[in-house]
Amino acid sequence: QVQLVESGGGLVQAGDSLRLSCVASGGTFSYYVMAWFRQVPGKEREFVSGIAWNVGNRQYAGAVKGRFTISRDNAKNTVYLQMDSLKPEDTAVYYCAADTAYSRRTIISTRENFYAAWGQGTQVTVSS
């Protein structure tokens, strides 16, 4: 069973940067599509970014494109989300997720029901 543990959240000011990390254990990480989602109270969880197993395929939500960068280190079973030029509207709980289906290893879905494993979430708060 795949387990995901996020870290790196915190309280920052608008314009600052943060890097989130997510370490996976218990599976074949290198084949998984990995993604970051975020959620604010009272709203649905939304897709932020995803990266396929071959790292060349990445996808971003429009609200973060150009400011966030997703990457992965398969040797460390870790996926990262570099968040630059943070805005107050980026405030949310950020979740790491893994699509463990081998047949979908090149397809990045924005739908959370495609992701079988989830981390516990890490809070990111951006003050104005």
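This section describes the aromatic residues of a predicted model. Residues are numbered from 1 along each chain as its sequence is written, and side-chain values use heavy atoms, with hydrogens and water left out.

Six aromatic pairs were found, a pair being two rings of Phe, Tyr or Trp (its six-membered ring) with centres within 6.5 Å; planes under 30 degrees apart count as stacked, over 60 as edge-to-face and the rest as tilted. One of them, Phe37 with Trp118, is tilted, at 5.0 Å centre to centre and 55° between the planes. Because Phe37 belongs to strand S4 (residues 33-39) and Trp118 to strand S10, this pair ties together parts that are 81 residues apart in sequence. Strands (E, at least two residues) are DSSP runs, numbered from the N terminus. Trp118 also pairs with Tyr115; the centres are 6.3 Å apart and the planes lie at 65°, so this pair is edge-to-face. Ring pairs join Phe37, Phe47, Tyr115 and Trp118 into a cluster.

Accessibility was classed with a 1.4 Å probe and protein chains only (buried, under 20% relative accessible area; exposed, over 50%; partly exposed, in between). Phe37 is buried at 0% and Tyr115 is buried at 4%, whereas Trp118 is partly exposed at 24%.

Tyr102 lies in the loop between strand S9 (92-99) and strand S10 (117-118) and is partly exposed, at 46%. The charged end of Arg105 sits over the ring of Tyr102, 4.0 Å from its centre (CZ of Arg within 6 Å of the ring centre and within 35 degrees of the ring normal).

Notes: This is a predicted model: local features need pLDDT of at least 70, side-chain atom pairs count only at pLDDT 80 or more; totals for chains, interfaces and linings use all residues. Helices (H or I, at least four residues) and strands (E, at least two) are DSSP runs, numbered from the N terminus.
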